[in-house]
Amino acid sequence: MRSAKRVGLSPSDQSDGRSTTVATQSVGVEAQAAEIRRLSRPFWATVLIGAVSLLVFVAFLTRSLDRNSVEQSQQVFRALLTDRMGRLETVVLEYGYWDSAVENLVRDLNLQWVEETFVDYLQDNLQVEALHVLDGNNRPKLQIVDDAIAEFDLSQYESGLVPLLTKAREGNAFTAPEPVSGLIGDLTDLSMAGAIVLTTYDDVDIRTDHVLVFVQPLDSNELAALSEKYGLPNLRLSSSMPTYWQGGFELSTIDGTELGYLIWDPALPGIRLLPLMAIGVLLVFICTLLTARLYVHRATAIVRDLAEAKHEAERSKELLAEQARRDFLTKLGNRRFLDEKMAELEAQEVSADYALLYLDLDGFKQINDEHGHEMGDLVLQHVAKSLRAFAGDDDAVVRIGGDEFVIVFSKADKERINELGRTIIEHLSEPMQLNDVACKFGASIGIAFATQPAELLRQADVALYAAKRRGRGQMTVYTDELLELKGS
């Protein structure tokens with residue numbers, strides 16, 4: 001039997017084999033590492049490009065947020081200034097269309113009447129600092145500054161005052177003057193002003209040559225109050241244009257003369273977020289998607305906050321507009337509200353019958369003289385409350401000035417309205433106690449029925465005039481024959 005021969009490697013050969021295997025394995029690892037490094041180069045390039053792109057995107061988005069914040073704050077300020085100017089126009093309109101104002105400021109300067117009507121009243125109730133009455137030559141006839149009748153150098157209003165007066169005097173003697181408002185002065189002494197030609201309802205002499213001006217300074221205290229109330233940080237006057245990241249509003253007079261700028265430093269959420277986002281992208285780019293989602297969530301929250309701020313600004317604008325249409329003392333509609341109501345009636349396409357009740361208090365001046373204006377205010381509030389109670393839900397109750405009130409009826413029910421007029425006279429003629437003081441006054445009423453809303457107030461005024469001539473506590477319904485009585 002042939003024996004098998006065993007074949008093997010010597011120890012030296014085994015050692016050389018192991019060395020070759022290790023060397024081969026080492027070369028493979030190095031090759032794989034080099035391949036991985038080669039293949040990772042585009043990935044890292046992609047990561048770098050993505051990081052730079054994301055940084056650029058973040059910078060662009062934060063810039064957009066910041067510009068949006070600036071623009072939103074500018075919209076808030078534009079609405080604020082428009083409402084302030086509109087309020088000044090409302091105030092001068094209420095006092096400019098007033099027979100008593102013409103009688104006591106133009107035809108004869110009645111300082112006692114001025115004291116009772118304006119002094120200690122401008123700042124507390126009208127929120128204005130100064131009142132000026134200027135004659136046809138723009139010379140001051142009456143000036144009230146800081147709740148006192150005093151001399152005042154109108155040269156402080158040099159820029160803007162004359163164009164404002166010129167604009168207020170536009171039109172002729174037979175056109176109703178319109179209130180105007182604008183900025184006067186300069187950056188060292190800037191004010192908002194409203195002006196109107198003093199006007200009477202007298203058919204013979206409607207317009208005078210005197211102009212009534214109300215002034216509200218834009219001083220540091222006022223700017224600080226506006227800054228805090230409307231979220232306009234560091235609101236201030238400047239002769240320089242605002243920078244890119246500042247909010248700004250160009251100031252000019254009514255004739256376009258440039259005065260300077262109002263600037264402020266709005267909150268810039270983008271600048272606050274940019275460093276944090278950059279650090280997050282650079283350090284943890286592996287979490288880019290998560291970081292982006294968090295950023296988008298945060299950006300959405302900021303946009304939502306800005307949208308809510310805009311909505312709040314719009315609500316504030318609506319509130320200011322509503323306040324401009326309301327009498328501050330009685331909370332009834334004012335003359336502006338009445339004008340809008342009459343315009344709505346005239347705009348109706350369906351023809352209808354309309355009715356208006358015009359009420360004037362009897363003996364009201366005596367209450368003011370004997371018991372003071374605070375008691376007079378309580379009486380006016382009592383009358384307003386009574387009229388609201390007597391009027392229907394759809395009827396409009398208005399105080400058009402002084403002790404004069406108007407009810408515009410939704411339906412021209414003659415029987416009901418005549419009965420309501422008698423009821424109001426009877427109710428207001430009853431003695432009453434206010435703050436333990438016995439008050440007795442009354443009311444005279446003029447009523448008009450018409451198919452044309454534009455005729456209502458004039459006809460009711462004629463009827464009221466006739467009622468007044470008949471004595472206190474009277475009610476008169478308009479007829480064409482009453483025109484002859486008023487003319488006489």
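Predicted model: local features only at pLDDT ≥ 70, side-chain atom pairs only at ≥ 80, totals over all residues.
## The chain as a whole

Let's start with the big picture. The protein chain has 488 residues, and 42% of them count as buried. Its secondary structure comes to 14 helices and 15 strands.

The protein chain exposes about 27100 Å², with carbon and sulfur atoms supplying 54% of that area. If you take the contacts between residues at least 6 apart in sequence, 64% join residues at least 24 apart.

On one side of the pairing story is strand β3 (residues 180-186), which runs antiparallel to β4 over seven bridges. Two residues lie between β3 and β4 in the hairpin they form. To find this pairing on your screen, look for Ile184, whose bridge partner in β4 is Ser191.

β4 also pairs with strand β5 (residues 207-217), again in the antiparallel sense, over eight bridges. Here Met192 has Gln216 in β5 as its bridge partner.

## Where α10 meets α11

Now for the helices. Helix α10 spans residues 364-371 and helix α11 spans residues 373-390; their axes come within 7 Å and cross at roughly 145 degrees.

From α10, the residues taking part are Phe364, Ile367, Asn368 and His371, and they meet His373, Met375, Gly376, Val379 and Leu380 in α11. Five of the residues in this contact are nonpolar and four are polar, with no charged ones.

Methods
Residues numbered from 1 in each chain as written. Heavy atoms only, no water. Axes fitted to C-alpha atoms, helices over the stretch in contact; angles between N-to-C directions. Helix = DSSP H or I, 4+ residues; strand = E, 2+ residues; numbered from the N terminus. Contact = heavy atoms within 4.5 Å. Nonpolar A, V, L, I, M, F, W, Y, C, P; charged D, E, K, R; others polar. Buried < 20%, exposed > 50% of the residue type's maximum accessible area, 1.4 Å probe, protein only. Areas by Shrake-Rupley, 256 points an atom, 1.4 Å probe, with all protein chains shown as cover. Pairing = 2+ DSSP bridges.
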